[in-house]
Amino acid sequence: MSNTIIVGAQWGDEGKGKVVDFLTSSADVVVRAQGGNNAGHTVICEGKKYILHLLPSGILWPGKTCVIGNGVALDPIGLVTEIETLERQGIAVRPEQLLISDRAHLTLPYHREIDGLREQSRGDQKIGTTRRGIGPTYADKANRTGFRMADTLDTERFLLALRERIAESNDLLTAAGMVPVDPGIVESVLAALARLRPHITNTMAFLHGAITEGRTLLFEGAQGTFLDIDHGTYPFVTSSNTTAGGACTGSGVPPNRIDRVIAVAKAYTTRVGTGPFPTENQDLGDHFHAMGREFGATTGRERRCGWLDLVLLRHAVMINGVDSLAVTNLDGLDQIDPIRICTHYELDGQRLELPPSTIAELERAVPVYETLPAWNTDISACRSWEDLPEAARRYIHRIESLLRVPVGLVSVGPDRNQTLLRDPRWTGLENPSIRVRPEELPAIA
Ligand code: IMP
């Protein structure tokens, strides 16, 4: 058994859903521990496309248990819509397949409206949130005014409190000239909660039982390292801990039960929403958008695009304790010539290997690039590491050598079979006691 955390190494949208889906074959339980339906994980399986927001990707595999942990911001109406969409696609979601923590906080209709209100009041300092109510849900949690799933089990009491909160929120919204929430929405909330009720349980106890039985856990991170409320580009972040530690607090599984952390990084960098992005490059963005790539799975927004940034990745490797990287979208660089990677920044005459702490400094930091040979070949049909052109392999080697972390998995397209596993040891799923040391990395050409 081996318990693995998967995190995003950049600003989200790294292709974690696909990597989790791929690794799920070796796992028994797949856990979401933070974030809410701001996440959008696209999984393509046998030509069928599934977009998941709150459901762990393991739901697409028969026989796996999926857990929505205590750290998740759970929008009941959104989750039921997602379940119904999957059911229409032929995937049943039964109580034994999906366990929802009784401690997970609820995202309710007024949270969405308040998210919109806060964004509006920020003017040109907008975060560019997904407007799914995530910030206000976690704010209520921190203010100790939130509702948890267990609170909804006493319907009468919950209904009274919910009506009160809707009235309070409506005062706020009306005063700001916004449309208030229709009080009749409580019926939809209650209907959604009734659908979810058979799934609500003490997931922490379940996970500890699963560990005792020697079952394999996979933690599916949402968003990415630089959207972490503590370690990201604050305030242009989401409201949860998207880094490896968040998997523990958001599930109740302690750090000493975790065997391995895998970070997922795109072969370049993207970001949605506002905030600094040192390696942003308009030409790259135009290239990807013209190909129909790099549009957000949740909001459909164009993602901002740029070169691979190793300053960010170095930081991500440190704070997540990354054992191994999965590099996705390598095929996105097929027609890019030459290819550049940012090795460090320069700021006020100083060389920076790690990102500075303030937004103002990050905005002023000048990325320094290294140019690497292009491959100018379609690699989407490659099915093994050896199939990749030499320049593509050198690109991966260069990342490994600069970060001193092995790349265990490379993805060359959205389908499950477009996933090249370099060495099963590197995913850690087969034998967690094996760790690849930097000196074991393949020699750099
Ligand atoms: P929020 O999480 O909706 O509050 O949005 C805060 C920031 O995180 C915004 O820049 C969003 O675009 C970004 N964000 C939230 N979820 C995701 C995601 O799943 N992928 C990429 N960016 C995200």
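## Buried side of helix α6

Val-186, Val-189, Leu-190, Ala-192, Leu-193 and Leu-196 are the buried residues of α6. Buried means under 20% relative accessible area, exposed over 50%, with a 1.4 Å probe and protein chains only. These residues lie on the same side of α6, because they cover an arc of only 165 degrees around the axis. The arc is that of the directions from the helix axis to the C-beta atoms. An α-helix has 3.6 residues a turn, so residues three or four places apart point the same way.

The face turned away from the buried side carries exposed Glu-187 and Ala-194. Helix α6 spans residues 185-196. Helices here are DSSP runs (H or I, at least four residues), numbered from the N terminus.

## Model and numbering

This is a predicted model: local features need pLDDT of at least 70, side-chain atom pairs count only at pLDDT 80 or more, and totals for chains, interfaces and linings use all residues. Residues are numbered from 1 along each chain as its sequence is written, and side-chain values use heavy atoms, leaving out hydrogens and water.

## Two cores

A nonpolar core is a set of buried Ala, Val, Leu, Ile, Met, Phe, Trp, Tyr and Cys residues joined through side-chain atoms within 4.5 Å. The largest has 69 residues. Leu-330, Trp-375, Leu-388 and Tyr-395 have the most contacts inside it. Apart from it lies another core, of 42 residues, including Ala-192 and Ile-59.

## Around the ligand

An oxygen atom of the ligand is 2.9 Å from an N or O atom in the side chain of Asn-38. For the side chain of Thr-130, the corresponding distance is 2.5 Å.

Technical notes. Helix = DSSP H or I, 4+ residues; strand = E, 2+ residues; numbered from the N terminus. Expected span 1.5 Å × (residues − 1). Polar contact = N/O pair within 3.5 Å; in protein donor to acceptor, adjacent residues only side chain to side chain.
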